[in-house]
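Good morning, and thank you for making the time.

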Amino acid sequence: MSKNTETKECANCSTPLSGTYCQNCGQLAHIHRSLWHMVEELLHGILHFDNKAWRTLPALLIHPGRLTREYIDGKRVRYMAPLILFLFLNFVMFFVFSYLGSALTPNGTVKPLITGGIGNELHNAQTRLAELEAKRATLPTNDNSLTALTNEISMLRAKQKDLEKAMAAANSNGTLEDAVVPNNNSEKTTSPSSDNKKLWFEQAVSHALQNPDLALYKMKGTASKFAFILIPISLPFMWLLFIRRRDIVLFDHSVFALYSLSFMCLLMMLVAGLARLGLSGWAWSLFLVVPPIHVFVQLRGAYQLRVWPALWRTFALLTIAAFALCVYFLVITWMSL
């Protein structure tokens with residue numbers, strides 16, 4: 001570097017420069033103003049990311065236990081931080097799902113899910129209606145509860161008609177918009193305040209049935225935003241699995257969970273891609289077989305376990321993961337609807 005460069009000050013922090021980079025903030029001494037150098041910076045950023053990614057991703061796929069153990073022990077410069085990796089892969093996964101996720105359902109639609117839900121609701125309404133009608137038949141004409149019972153039966157009959165219309169519309173490839181709107185006859189047989197008696201959840205489900213694609217889109221967005229809640233849900237249970245190990249702290253469990261969830265993001269992208277290619281059998285086989293094996297290998301390496309302790313903790317951890325996913329989907333469903 002020339003002498004006048006050595007006497008310059010850093011453009012960022014005004015520290016006198018004595019080299020190519022500022023010894024205080026690390027900024028490059030030379031200030032460029034060329035488009036070509038901007039392209040060079042872009043390539044440098046991509047390659048810098050790849051340097052760590054090429055070490056972290058293969059280790060995550062092949063040696064997840066070693067990766068987790070080394071990061072916990074302090075060997076962190078060569079690997080991507082687990083939180084950054086999870087956030088990045090979570091973003092990429094839901095971006096991929098926006099194009100490929102619909103392939104996971106038959107014919108790329110949510111119709112089987114909708115018809116199944118309508119069928120269950122219709123069966124429950126019919127069962128309840130039969131019970132109430134049988135109860136009303138046994139009551140005397142001057143019973144005080146007869147009026148309330150009659151009103152409930154009228155509401156159930158109206159609901160049954162709406163569900164039957166919704167099922168017919170779904171089976172005929174029509175829309176569900178008209179099916180969930182109460183008709184005039186049902187309004188006459190119900191009390192004026194019957195709409196106010198509807199539960200919030202029933203109203204939300206009705207809106208979701210009117211626009212299933214919109215509801216699914218909202219759920220995808222909510223799932224991406226709140227994916228981080230899987231960590232606090234899982235940590236207490238993981239702590240219980242190693243409650244006697246005084247050498248393990250919550251930070252260790254956090255690293256384990258973040259790397260494990262990062263792997264699941266990669267796996268789900270592969271599952272969605274295979275399903276898109278028409279290989280649904282392979283996709284679901286990978287989804288069922290690979291996670292237990294990966295968890296077992298990661299547990300053994302990360303916590304230095306023998307085969308049996310790692311094996312029973314694997315089954316326990318899979319149960320915990322299923323519970324966490326149920327809570328997670330309940331939360332995103334509630335937030336979406």
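Let me begin with burial: a residue is called buried under 20% relative accessible area, exposed over 50%, and partly exposed in between, with a 1.4 Å probe and protein chains only. What you see is a predicted model, in which local features need pLDDT of at least 70 and side-chain atom pairs count only at pLDDT 80 or more, while totals for chains, interfaces and linings use all residues. Residues are numbered from 1 along each chain as its sequence is written, and side-chain values use heavy atoms, with hydrogens and water left out.

I turn to helix H11. Helices here are DSSP runs of H or I with at least four residues, strands are runs of E with at least two, and both are numbered from the N terminus. H11 covers residues 250-276, which is 27 residues. From first C-alpha to last, H11 reaches 39 Å, close to the 39 Å expected; that expected span is 1.5 Å times one less than the number of residues. Of the 27 residues in H11, 20 are buried, so the helix is mostly covered. After H11 comes Gly278, with a positive phi near 85 degrees.

Which residues does Gln298 touch, beyond its neighbours within four places in sequence? Contact here means heavy atoms within 4.5 Å. Gln298 sits in helix H12, residues 280-303, and has 0% relative accessibility, which means that it counts as buried. Its contacts are Pro64, Gly65, Thr68, Phe256, Tyr259 and Ser260.

Two of those contacts, Phe256 and Tyr259, return in the aromatic pairs. Rings of Phe, Tyr and Trp, the last by its six-membered ring, pair if their centres lie within 6.5 Å; planes under 30 degrees apart are stacked, over 60 edge-to-face, and the rest tilted. The count comes to six aromatic pairs. Tyr71 and Tyr259 make an edge-to-face pair, because their ring centres are 6.1 Å apart and their planes stand at 90 degrees. Tyr71 belongs to helix H3 (residues 64-73) and Tyr259 to H11, so this pair ties together parts that are 188 residues apart in sequence. Both partners are buried: Tyr71 has a relative accessible area of 11%, and Tyr259 has 0%.

The pair of Phe256 and Tyr303 is tilted, with 5.5 Å from centre to centre and 40 degrees between the planes. It joins distant parts of the chain, since Phe256 is in H11 and Tyr303 in H12, 47 residues apart. Phe256 counts as buried at 1% relative accessibility, and Tyr303 likewise counts as buried at 1%. Ring pairs also bring in Phe242, giving a cluster of Phe242, Phe256 and Tyr303.

Next, the charged side chains. A salt bridge requires a side-chain nitrogen of Lys or Arg within 4 Å of a carboxyl oxygen of Asp or Glu. The structure holds five. Which residues does the network of salt bridges link? They are Arg128, Glu131 and Glu152. Between Arg128 and Glu131 the closest N and O atoms are 3.6 Å apart. Why is their separation about one helical turn? The two are three residues apart in helix H5, residues 111-138. As a general point, an α-helix has 3.6 residues a turn, so residues three or four places apart point the same way.

The bridge from Arg128 to Glu152 spans 3.4 Å, N to O. Arg128 at 36%, Glu131 at 45% and Glu152 at 32% each count as partly exposed. A further salt bridge joins Arg245 and Asp247 at 3.0 Å, N to O. Here Arg245 is partly exposed, with a relative accessible area of 25%, whereas Asp247 counts as exposed at 53%.

Finally, the surface. Patches take residues with over 30% relative accessible area and no salt bridge, joining like charges within 9 Å and nonpolar side chains (Val, Leu, Ile, Met, Phe, Trp, Tyr) within 5 Å. Accessible areas follow the Shrake-Rupley method with a 1.4 Å probe, and for residues only the protein chains shown count as cover. One nonpolar patch comprises Phe237, Trp239, Leu240, Ile243, Leu250 and Phe323, with about 570 Å² of accessible area together. Its largest share, three residues, comes from helix H10, residues 230-241. Ile243 lies in the loop between H10 and H11, and is partly exposed at 39% relative accessibility.
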